[in-house]
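Colleague: I am new to this one. Can you show me how to read its contacts, its core and its charged pairs?

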Amino acid sequence: MPRLVLLSEGFAGRTYDLKTETTTVGRVSDNAFEIPEASVSSHHAEIVLKGSDVLIRDLDSTNGTFINDERISEAVLKPGQILRFGTIELKLDTGDAPVKAPPPKPAASKPKMLDHTVVIPQGVKLEELQGGGGAPPRGSTTGFEPKSDRGNKIFAIFVIIAGVCLVAVLVWVAMTQFK
């Protein structure tokens, strides 16, 4: 029976047996194979068993599905190839030979670049918020300006004018009634 073996740190050694014809993979619990990691979309991919082939189909995930670092929308996964959902790496184990973890990557290796969303594991630093130079240049906006009161002022003027007109109409009606 084919199974997927997770290779990524924090998940290494975890396996999932591919028992059914179709298996959904994603971050949320309604998937058959749940991978609770931020770079994995809520409904990331679908794994379909077709005879002895294991077909991987991306479900329009944000961070993509890759086989041997090549982005795929649909492809057959062969034993020995590295499957990646977001930043989580897996390997197909068909039971023919033991699955070995890939050799550790050198410290100077280039990090993998994702096509879309990247998970940032830390917050924003104070220096990044301050922009390094105090107030923004005159005429530029930061997105944190107070809202304009213009709409409220126009509404207040309209209410005052309507009130004056209403009082004038009432006075006119009263004067014409009591003549």
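Modeller: Keep in mind that this is a predicted model. Start with one residue. F85 touches V25, I35, S39, V40, H44, A45, I56, G64, T65 and L90, leaving aside residues up to four places away in sequence.

Colleague: Which residues touch the most other members of the largest nonpolar core?

Modeller: A nonpolar core joins buried residues through side-chain atoms within 4.5 Å. The largest one here has 23 residues, and L4, I56 and F85 touch the most other members. At least two residues of this core come from each of β1 (3–6), β5 (45–50), β6 (53–58), β9 (74–77), β10 (82–85) and β11 (88–93).

Colleague: Now the charges. How many salt bridges does the structure hold?

Modeller: A salt bridge needs a Lys or Arg side-chain nitrogen within 4 Å of an Asp or Glu carboxyl oxygen. The structure holds four. In one of them, R57 meets E46 at 2.6 Å, N to O. R57 sits in strand β6 and E46 in strand β5, 11 residues apart.

Colleague: Is E46 buried or exposed?

Modeller: Buried means under 20% relative accessible area. E46 has 17%, so E46 counts as buried. R57, at 25%, counts as partly exposed.

Colleague: Which residue of strand β9 pairs with R57?

Modeller: E74 does, in strand β9 and 17 residues from R57. Their closest N and O atoms are 2.8 Å apart.

Colleague: And where does D69 lie?

Modeller: D69 lies in the loop between β7 (65–67) and β8 (70–72). D69 forms a salt bridge with R84, at 3.3 Å between the closest N and O atoms. R84 is in strand β10, so the pair ties together parts 15 residues apart in sequence. D69 is exposed at 53% relative accessibility, whereas R84 is buried at 4%.

Colleague: Which residues do shared partners join into one network?

Modeller: E46, R57 and E74.

How values were computed:
Residues numbered from 1 in each chain as written. Predicted model: local features only at pLDDT ≥ 70, side-chain atom pairs only at ≥ 80, totals over all residues. Heavy atoms only, no water. Buried < 20%, exposed > 50% of the residue type's maximum accessible area, 1.4 Å probe, protein only. Helix = DSSP H or I, 4+ residues; strand = E, 2+ residues; numbered from the N terminus. Contact = heavy atoms within 4.5 Å.
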